[in-house]
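Hi everyone, thanks for having me. Please have a look at the structure on the screen, and then I'll walk you through a few parts of it.

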Amino acid sequence: MTKDFYAVLGVSKDADAATIKKAYRTLAKKYHPDRNPGDEAAAERFKNIGEAYAVLSDEGERKQYDAIRSMAGGGARFTSGSGGAGAAGFEDILSSMFGASSASYGGRPGAEPDIDDLLRMFGGQASPTRKHGRPGAFDFGFGGFGGRSQSQRGADVTTTVTLPLRDAVAGTEAELTADGRTTRVRIPAGVTDGKRIRLRGKGRPGSHGGENGDMIVTIKVAEHPVYGFDGANLTMTLPVTLSEAALGADIEVPLLDGGTARMRVKAGTSSGTTMRLRGKGPKVKDGRHCDLLVTLEVAVPKRLSKEARKALADFDAAMGGTDPRAHLREAASR
């Protein structure tokens, strides 16, 4: 009763329900333990915010809280005798809350109410008791501000799921197991290896009316024989022949959707060169397609026929004994 719940939420005493709810959401988000790890002051503030909202958001409890605060804070006085504004104030409160008055209290007109009797009228006791596992709280039968446990948000849970690359690109449904429970959820399209997604309300249940926690899922994308990821872009290594790299060529590139795209390889392209096919990667949230990054790799045959060996020897001779490592020796000597 000593707490000013209106001050805790930063609202006026005549604030409407919408204003109280808005203030609670703003403050709860600001002081939530997930945003303030290890901050005991923020955790205590968050607890007080929840306690204040639990009372002020309930029309009946708010009315009783206002009435008790009025009595405890000087708005009404308990006086003997039948005259004076103090007695009238108490009479008004009893009348508004219980349809009773000090004139009829206990069958003794004009009597001063005893504190034990007053507490019993509220359904509580004068001495501290254990209420909902909390020692030292007065046991008021009606109020969230007396002994009722405040609502608590459920804890978040974490899990990992491994997806085939095609499912990661297209989106899929998956069964996830966390905290001993299995849940079937929808994984959105366009997730990449190492990405973390938050599934709202899929964590542990809240207590005393609190919202459920979230499930935080770390995505692992299984290795694919052709494709990989570089950020949101798709990657692949494309073998080319020595003549294609040396002389240049138009080559077919296989795409994830089963089609192909033509790509021009310029004459004199080195092995390891990466080329970009714009818009040939996976679709992302805004509807556009990412790119396909193609790294060329000159394919070296493991076996050569006599004719092929002679052709290569003739090629080296035609090149005039050019040494491709000469520049490395020169740079290494500096």
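Before we start, one term: when I say that two residues are in contact, I mean that they have heavy atoms within 4.5 Å. Also keep in mind that this is a predicted model.

Let's get the overall picture. The protein chain has 10 helices and 13 strands. Of its 334 residues, 34% count as buried. The accessible surface is about 20,400 Å², and carbon and sulfur atoms make up 50% of that. If we take contacts between residues at least 6 apart in sequence, 45% of them join residues at least 24 apart.

Now find helix H2, residues 17-31, and helix H3, residues 40-56. How do they pack? Their axes are 9 Å apart, at an angle of about 160 degrees. Angles over 145 degrees count as roughly antiparallel, so that is what we call H2 and H3. Their crossing is left-handed.

Which residues meet there? From H2 we have Ile20, Lys21, Tyr24, Leu27, Ala28 and Tyr31, and across from them in H3 are Ala42, Arg45, Phe46, Ile49, Gly50, Tyr53 and Leu56. Sorted by type, the residues of this contact are 10 nonpolar, one polar and two charged.

One last stop: His208, in the loop between strand E6 (196-199) and strand E7 (215-221). Most residues other than glycine have a negative phi. His208, though, has a positive phi, near 55 degrees. Is His208 buried or exposed? Its relative accessibility is 53%, so His208 counts as exposed.

How values were computed:
Residues are numbered from 1 along each chain as its sequence is written. This is a predicted model: local features need pLDDT of at least 70, side-chain atom pairs count only at pLDDT 80 or more; totals for chains, interfaces and linings use all residues. Side-chain values use heavy atoms; hydrogens and water are left out. Axes are lines fitted to C-alpha atoms, for helices over the stretch in contact, and angles run from 0 to 180 degrees between N-to-C directions. Helices (H or I, at least four residues) and strands (E, at least two) are DSSP runs, numbered from the N terminus. Angles under 35 degrees count as roughly parallel, over 145 as roughly antiparallel, 65 to 115 as roughly perpendicular and the rest as oblique. A crossing is left-handed if the near helix is turned anticlockwise from the far one by less than a right angle, and right-handed if clockwise. Ala, Val, Leu, Ile, Met, Phe, Trp, Tyr, Cys and Pro count as nonpolar, Asp, Glu, Lys and Arg as charged, and the others, Gly among them, as polar. Buried means under 20% relative accessible area, exposed over 50%, partly exposed in between (1.4 Å probe, protein chains only). Accessible areas come from the Shrake-Rupley method with a 1.4 Å probe; for residues, only the protein chains shown count as cover.
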